[in-house]
Amino acid sequence: VGPASASVVANGMNATVRAEPLQWGDADAARALVATALGGGGGNEGEQHVDVDFDLDVVLCADLIYGDEETASALVETLCAVVQPGSDVTIISLHERRLYGDGGASF
C-alpha cells in the first residue's frame with residue numbers, strides 16, 4: 001500500500017482517493033474498511049456482521065491477480081461485499097497480459 005499511497009499524494013489526489021490494505025475474502029472487514037473510509041464508523045471488533053450504508057462511485061484495481069482461481073474468487077467475494085446491489089458503481093481492473101498460472105482464465 002505504501003507505493004499506492006505515495007502515488008495518490010504525488011498526483012494531488014489525497015483529498016478524494018485512499019489506498020488501504022485489505023485481506024480479500026473477509027466480507028465484514030471489507031464493509032468496515034469502506035464504512036470507515038467514508039466516515040461511517042464500521043462496527044465493533046469481533047462483530048459477525050457490519051451493517052453499513054455507503055455508496056461507492058468507482059473501485060479501481062491494478063495488478064491484483066495472476067492466474068490463481070482461489071485468489072480471484074476471494075477478490076470477487078470482497079467486491080460483492082462492498083458494492084451495493086443495484087448500484088451504479090464502476091469497477092475498473094487493469095493488468096498486464098501474463099499467461100502463466102492458469103493461462104489467463106482468472107481474468
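Are Arg-31 and Asp-28 buried or exposed? Both are buried (under 20% relative accessible area, with exposed meaning over 50% and partly exposed in between, using a 1.4 Å probe and protein chains only). This is a predicted model, where local features need pLDDT of at least 70, side-chain atom pairs count only at pLDDT 80 or more, and totals for chains, interfaces and linings use all residues. Residues are numbered from 1 along each chain as its sequence is written, and side-chain values use heavy atoms, leaving out hydrogens and water.

**The salt bridge**
- There's one salt bridge in the structure (a side-chain nitrogen of Lys or Arg within 4 Å of a carboxyl oxygen of Asp or Glu).
- It pairs the side chains of Arg-31 and Asp-28, at 2.9 Å from N to O.
- The two residues sit three apart in helix H2 (residues 27-37), about one turn of the helix.
- Asp-28 counts as buried because its relative accessibility is 18%.

**Overall layout**
- The protein has three helices and two strands (DSSP runs numbered from the N terminus: helices are H or I with at least four residues, strands are E with at least two).
- Read from the N terminus, the order is α-α-β-α-β.

**Burial, contacts and surface**
- Of the 107 residues in the protein, 27% are buried.
- Take the contacts (heavy atoms within 4.5 Å) between residues at least 6 apart in sequence: 57% of them join residues at least 24 apart.
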